[in-house]
Every structure is written in C-alpha cells, then in structure tokens.
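Please find below a colleague's note on the structure shown here.

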Amino acid sequence: MTTNILDNIYLRTLGEILQQARKKCNMTQADAAKIIDAARTTMIAIEKGERRIKVLIIYY
C-alpha cells in the first residue's frame, strides 16, 4: 500500500508555514496562487488548512 506523506501532516500547520513563507517573500495570495495555477480562493483555503495541497505543488 502506498502512503501519501500529506496524510500525516496537519493541514493547518502546513498552511501556516506556507503563509509565513509567502509573506517572507513579499507575495500576495494572488501572486502565490498564480504560481501554482490556482484561484486566490484556493490559496486562502490551503493557508487556512481547509484544503489539501497537491504533492506536485509542493515540489514546484
């Protein structure tokens, strides 16, 4: 059975880390969303821990 590493990560914590990294780079949510080819609302949900992030996005 293949295990997805994201199943073991608390989504809220991951979202907070991503938000801190985005802000450190002086990026808006719209900027970050554009990079991962997603809507700004998707970026908001990811940062809140309400939406899983695709593995391919992490390795982007």
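The numbered points below begin with the basis of the model and end with single residues.

1. This is a predicted model, in which local features need pLDDT of at least 70 and side-chain atom pairs count only at pLDDT 80 or more, while totals for chains, interfaces and linings use all residues. Residues are numbered from 1 along each chain as its sequence is written, and side-chain values use heavy atoms, with hydrogens and water left out.

2. The protein chain contains four helices and zero strands, in the order α-α-α-α from the N terminus. Helices (H or I, at least four residues) and strands (E, at least two) are DSSP runs, numbered from the N terminus.

3. Of the 60 residues in the protein chain, 27% are buried, that is, under 20% relative accessible area with a 1.4 Å probe, protein chains only.

4. The largest nonpolar core has seven residues: Leu14, Ala32, Ala33, Ile36, Met43, Ile46 and Ile53. Helices α2 and α3 (40-48) each supply at least two residues of this core. Such a core is a set of buried Ala, Val, Leu, Ile, Met, Phe, Trp, Tyr and Cys residues joined through side-chain atoms within 4.5 Å.

5. Alanine 33 is in contact (heavy atoms within 4.5 Å) with Ala38, Ala39, Arg40 and Met43, leaving aside neighbours within four places in sequence.

6. Glutamine 29 lies in helix α2 (residues 29-35). Glutamine 29 has a relative accessible area of 18% and is therefore buried. Residues up to four places away in sequence not counted, glutamine 29 touches Arg22, Arg40, Met43, Ile44 and Glu47.

Key. Buried < 20%, exposed > 50% of the residue type's maximum accessible area, 1.4 Å probe, protein only.
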